[in-house]
Amino acid sequence: MRVVRYHEHGDPSVLRLEEAPRPEPGPGEVLIRAEAIGVNYADVQKRQGLPIGGPVTLPAAPAGDVAGVVEAVGAGVTHVSEGDRVVAPVRYGAYAEYATAYAATVFPIPEGIDAAQATALPSPGETAYHVLTTVGQLKPGETVLINAASGGIGHLLVQLARARGAGRIIGTVGSPAKLDFVRSIGADVAVCYGHADWVDEVRAATGDKGADLVLETVGNDVLKHSIELAARFGRIVCYGGASGERPPAISPWDFVDMKSLHGFNLYALFQDRPETVAAGRKELLGYVESGQVTPVVHSRLPLEEAAKAHQLMESRLHTGKVVLTP
């Protein structure tokens, strides 16, 4: 089968299409014949050499979210059968014609969305759901500030916030070209954090009170300003650092107005709170099936153009998901 690997860190050109034996599912695993593979920004950063989630052992094969048909099941798997159409997070070797995944992490693909859209459900969708609800604990009527609101996770956060009764949704983006997109999916206010006065724009949109909940994944000074933009008793949830840069120093005095800062790690939730993950997966699927949340696919590229997919992600020109097709 064909699989994409890299033998050194560097620009997207280090991604190589190679031949490899088809994997076999181990105990508790399923083998998926891929129809679509969701590209996640964390794997762009790992290819660059950033130790996101820990150091990478070379040669490496990127992770991703794989949608397709179950070809085989491993020992002990009873709730998934051969022929089922599913999507699952794959932690190694996702950019391939076949991939194995833990059966416990598998989603059925809902009717009404295609395989490419379905790739938004596992890693991006579950991250969005739990950042907003499990950690962020959004309450109806609250004001929420969502940074990087046009991205693979951000565009789902906007829709989930609307579905769960947010009073006011403010989405920030990295370029003016994305403002209309963020409004079109449900944001009340869209702001470009590339503008010098973006903090003032957000503050004005909250009536100078600040946001009750801030969902942050950019890093650098955007995180620092996001803490400033949280309301008294506001919660800030940090679930990434797409800029790859450290933010300015954060002081305990930044939180004296009863603000709180929370981190998020989806795999920690998988390992330690499986019952929470299972309940969230069911509710997330309900939002998709009802049409309240619709994943957006920006680009569908063939597997051999994995480097182009990474270039597109690095350019920050996409909205929604970038997907590979074998």
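Author: Here is a walk through the salt bridges. This is a predicted model, where local features need pLDDT of at least 70, side-chain atom pairs count only at pLDDT 80 or more, and totals for chains, interfaces and linings use all residues. Residues are numbered from 1 along each chain as its sequence is written, and side-chain values use heavy atoms, with hydrogens and water left out.

The whole structure holds 17 salt bridges (a side-chain nitrogen of Lys or Arg within 4 Å of a carboxyl oxygen of Asp or Glu). R2 pairs with E97; their closest N and O atoms are 3.3 Å apart. R2 sits in strand β1 (residues 2-5) and E97 in the loop between β5 (85-90) and β6 (98-102), so this bridge ties together parts 95 residues apart in sequence. Strands are DSSP runs of E, at least two residues, and helices are runs of H or I, at least four, numbered from the N terminus. E97 is partly exposed, at 23% relative accessible area. The classes are buried under 20%, exposed over 50%, and partly exposed in between, with a 1.4 Å probe and protein chains only.

R22 bridges to E71, with the closest N and O atoms 3.8 Å apart. That pair links distant parts of the chain: R22 is in the loop between β2 (16-19) and β3 (29-39), E71 in strand β4 (residues 64-73), 49 residues apart. R22 is partly exposed at 36%. E71 is partly exposed too, at 27%.

D180 pairs with R183 at 2.8 Å between the closest N and O atoms. Both lie in helix α5 (residues 179-184), 3 residues apart, about one turn of the helix. D180 is exposed at 55%; R183 is partly exposed at 40%. Elsewhere, salt bridges with shared partners join R22, E24, R33 and E71 into one network.
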